[in-house]
Amino acid sequence: MNTELNGIFGSHAEWLESEGESGNQLTLDNISSEQLTSEQLQLLTDSILTECSFTDIVMNAIDLYHTEMYSCKFSTVSFYETQFIKSEVNDTEFTEASFVCVNFSNAEFFDCVFLRCSFEKSTFVSVGIWNTTFVGCTFKNIDFESAYIENAVLEDSSFINPVNLDKATKIILNIGTVEKPVLLSHEESVRWIQEHTIS
């Protein structure tokens, strides 16, 4: 048991409970999921994570509201009913992760990579995604209402029953590569998704 981590999480719990009046906001640097207990994983709300790694774990009903992530890695992580509301995710890599019934509302993703990930029954309502790559990903029953997606590289990815695609604020897909981009307009991007939708 890591006494130092226990103290840091205890202070963060106090900070959350007091709405910032006492305790300290959680900041984790270069921590792996093996070092954390299931109770500590439940306390990542409104925290700051830098170069942290999460491997072979289930993150069910974890509230990542307003959590900031920088250069983190998630490998074979299962997200179920996880809340990413208003989170900010930067330069972070997700490999073979599954997202089921996940709420990405008002979350922001910058320069991230999703490799062989699956998204199902989740909401991208008002999500912001910039310069992010999706390789071998599937999107099933995803709500795109008011989504803002710019320069998203899509490779070997498919869609099943996209919801409210016509209500997206902006979608600019890059069907080329990061090095040699081929950018589509919003209308072309919506049409591309429709053409790559599996019935």
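Let me start with a question: is Ser105 buried or exposed? Ser105 is buried, because its relative accessible area is 13%. Buried here means under 20% relative accessible area, exposed means over 50%, and partly exposed is in between, with a 1.4 Å probe and protein chains only.

Before going on, the ground rules. This is a predicted model, where local features need pLDDT of at least 70 and side-chain atom pairs count only at pLDDT 80 or more, while totals for chains, interfaces and linings use all residues. Residues are numbered from 1 along each chain as its sequence is written, and side-chain values use heavy atoms, with hydrogens and water left out.

Back to Ser105. It sits in the loop between β10 (98–100) and β11 (108–110). Helices (H or I, at least four residues) and strands (E, at least two) are DSSP runs, numbered from the N terminus. Which residues does Ser105 touch, not counting residues up to four places away in sequence? Phe84, Ile85, Lys86, Thr123 and Val125. Contact means heavy atoms within 4.5 Å. Thr45 is 60 residues from Ser105 in sequence, and the two C-alpha atoms are 15 Å apart.

Now the whole chain. It has three helices and 19 strands. The radius of gyration is 17 Å; a compact globule of 199 residues would have one near 16 Å, so the chain agrees with that. That radius is taken over C-alpha atoms, and the globule rule is 2.2 Å times the number of residues to the power 0.38. Along the principal axes, the C-alpha atoms fill a box of roughly 55 × 30 × 25 Å. Of the 199 residues, 43% count as buried.

Surface next. The chain exposes about 9700 Å², and carbon and sulfur atoms supply 47% of it. These areas come from the Shrake-Rupley method with a 1.4 Å probe; for residues, only the protein chains shown count as cover.

Charges: there are 9 positive and 31 negative, and their mean positions are 12 Å apart. Lys and Arg count as positive, Asp and Glu as negative; His and the chain ends are not counted. Each charge is placed at NZ of Lys, CZ of Arg, CG of Asp or CD of Glu.

The largest nonpolar core has 54 residues. Such a core is a set of buried Ala, Val, Leu, Ile, Met, Phe, Trp, Tyr and Cys residues joined through side-chain atoms within 4.5 Å. Which residues have the most contacts inside this core? Phe99, Phe109 and Phe119. The elements giving two or more residues to the core are α1 (3–17), β17, β19 (170–174) and α3 (186–195). Look at Phe109. Beyond four places in sequence, its contacts include Phe84, Phe94, Phe104, Phe114 and Trp130.

Leu49 belongs to strand β2. It is buried, because its relative accessibility is 0%. Cys72 is 23 residues away in sequence and 7.3 Å away in space, C-alpha to C-alpha. Cys72 is also among the contacts of Leu49, as are Leu28, Leu44 and Phe54.

Glu88 is in strand β8 (residues 88–90). Its accessibility is 26%, so it counts as partly exposed. Among its contacts beyond four places in sequence are Met69, Tyr70, Glu108 and Phe110. Thr37 is 51 residues from Glu88 along the chain, with 23 Å between the C-alpha atoms.

Two backbone points. Glu51 has a positive phi of about 55° although it is not a glycine. Its place is the loop between β2 (48–50) and β3 (53–55). Asn161 also is not a glycine, and has a positive phi of about 50°. That residue lies in the loop between β18 (158–160) and β19. Glu51 is partly exposed at 48% relative accessible area, and Asn161 is partly exposed at 44%.

Last, Ser146. It is in the loop between β16 (138–140) and β17 (148–155). A relative accessible area of 30% makes Ser146 partly exposed. Ser126, Val127 and Lys167 are among the residues it touches.
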